[in-house]
Amino acid sequence: MSTAQDTAVRPPSLPVAARSGPGYWLGSLGSMMRFDLGQARQWAAIMVVIQVMMGAGMALMYGFFYPRITPTIALYISTGTPTLALIPLGFVMVPGNVGQRKLEGTFDFIWSMPVPRSVQATSTFLLYTLLSLPGTVLALVVATWRYGIHLSISPQIVPGMALCALMAVSVGFGMALAIRNPLVTNLIANALIFVVLLFSPIVFPPSNLPAWLSAVDRALPFYSMAEVIRAGLTSGIVTDLTRSYLVLLGWTAVGWAMTAWVVGRRR
C-alpha cells in the first residue's frame, strides 16, 4: 500500500502516447537541434573558414597548374569549388567531431539523452547540411571573382547542392559510427582527401584521366557531386544527370544504412 510520501517523491510517469508518434518525434528533433546548435557555436565559424580555404584556396591553386586559363578551364575550376568545399565538411569534419566526442567520453552521454536515436542522427544530418551552405557559397563567390566568369544559375542548384551536402554528411557520419577506432576513421578521411585532390575530375573533365580511373571515379560520389552542382551553375556543360543523382542517392543510402545499423545495435 503506497503512502502519501511515496506518491510525493516518485517521479510522474508519462503516458506511452507522450513518448511516441510524429508529434513527439518532431518535438524531440527540435530539442536536439537546439542542443547541437548550442555546441556548434564553438566551431561553426572555424568550419566556414576551413570551407572557404579548401574550396576557394584549391580553386586558386589549380589555376597555377595551367599555362593559360581558357574560359572552359576557368568554368570547370570555379564550378568545382563548391564540391571542394563540401567534401572536407562531410568526410573530414563530421567524422572528426564524432571521433573527438568518443575520445572525450561525451559520445555516450549524447546517445543516452531521452530522445529517439533516429532523432539524434537526423539532427546531425540537418545541422551539418545547413552549416555547409554558407562556406560553400562564399568559396564559389571567391572563385568566380578570381576568374571573372559569369554563371548561369538554375533552380536545380538548390536541391542539387542540398543532396550533395546531405550525402557527404551521411557517409561521413555513418563511417564515424561504424568504425569504432577514431584513429582509423581519421586515417580513412585523410586518405579520401588525398584521392579527391589528385584523382577526382572535379575541376577538370574526366576525359583527362585514363579510362579505368574515370570509371572508378564515376562509381565514387565526388565526380557526381561536381556534375550535379556544375549543372545548376552552368548551361550546356552537363547534359545528363540521371546517373549522377542515382550515385548520390545510393551513397546517401549507404550512409543511412551504416547509421541505422549502429543505432540498432547500440545499447
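**Entry 1: cavities**

I take a cavity to be a set of grid points where a 1.4 Å probe fits but cannot get out. With that settled, I searched this predicted model. The structure holds one cavity of 30 Å³ or more.

I sorted the lining of the largest cavity by class: ten residues are nonpolar, three polar and two charged.

**Entry 2: the largest pocket**

Next I looked at the open space. The largest pocket has about 320 Å³. I counted 13 residues in its lining; Gln42, Trp43, Asn97, Gln100 and Arg101 are the closest to its centre. Helix H3 (44-62) and helix H4 (71-104) are the elements that give two or more residues to this lining.

Which element gives the most to the lining of the largest pocket? I noted H4, with six residues. By class, I have five nonpolar, six polar and two charged residues around the largest pocket.

**Entry 3: the fold as a whole**

I stepped back to the whole chain. I counted eleven helices and zero strands in the protein. Read along the sequence, the pattern is α-α-α-α-α-α-α-α-α-α-α. The C-alpha trace spans about 90 × 35 × 35 Å along its principal axes.

I checked burial next. Of the 267 residues in the protein, 47% are buried. I also looked at contacts with a separation of 6 or more: 84% of them join residues 24 or more positions apart.

**Entry 4: confidence**

The mean pLDDT of the protein is 82, and 92% of its residues reach 70 or more. Where is confidence lowest, and where highest? I found the lowest in helix H1 (residues 4-9), at a mean of 44, and the highest in H10, at 92. Over residues 1-17 the pLDDT is below 50. Beyond near neighbours in sequence, I noted two contacts for this stretch in the model.

**Entry 5: aromatic pairs**

I describe a pair of aromatic rings by the distance of the centres and the angle of the planes. The structure holds four aromatic pairs. I wrote up two of them.

One of the pairs is Tyr62 with Phe65, edge-to-face, at 5.4 Å centre to centre and 90 degrees between the planes. Phe65 counts as exposed because its relative accessibility is 54%, over the 50% cut-off.

Another of the pairs is Phe125 with Phe173, also edge-to-face, at 5.6 Å centre to centre and 85 degrees between the planes. Phe125 lies in helix H6 and Phe173 in helix H7 (residues 157-178), so this pair ties together parts that are 48 residues apart in sequence. I found both Phe125 and Phe173 buried.

I looked up Thr185 in helix H8 (residues 182-199). Why does Thr185 count as buried? Thr185 counts as buried because its relative accessibility is 2%. Not counting residues up to four places away in sequence, Thr185 touches Pro95, Met175, Ala176 and Ile179.

Then I went to Glu227, in helix H10 (residues 221-233). H10 is the helix where I had noted the highest confidence. Glu227 is buried, with a relative accessible area of 11%. Leaving aside neighbours within four places in sequence, I found Glu227 in contact with Val238, Leu241 and Ser244.

Arg117 is partly exposed, with a relative accessible area of 24%. How far apart are the C-alpha atoms of Arg117 and Val263? I read 6.6 Å, for two residues that are 146 apart along the chain.

How values were computed
Residues numbered from 1 in each chain as written. Predicted model: local features only at pLDDT ≥ 70, side-chain atom pairs only at ≥ 80, totals over all residues. Heavy atoms only, no water. Helix = DSSP H or I, 4+ residues; strand = E, 2+ residues; numbered from the N terminus. Buried < 20%, exposed > 50% of the residue type's maximum accessible area, 1.4 Å probe, protein only. Contact = heavy atoms within 4.5 Å. 1 Å grid on protein atoms, 1.4 Å probe; cavity = no way out; pocket = protein on both sides within 12 Å on 5 of 7 lines; lining within 4 Å. Points joined across faces, edges and corners; volume = space filled by probe spheres on them. Nonpolar A, V, L, I, M, F, W, Y, C, P; charged D, E, K, R; others polar. pLDDT = per-residue confidence, 0-100. Phe/Tyr/Trp six-rings, centres within 6.5 Å; stacked < 30°, edge-to-face > 60°.
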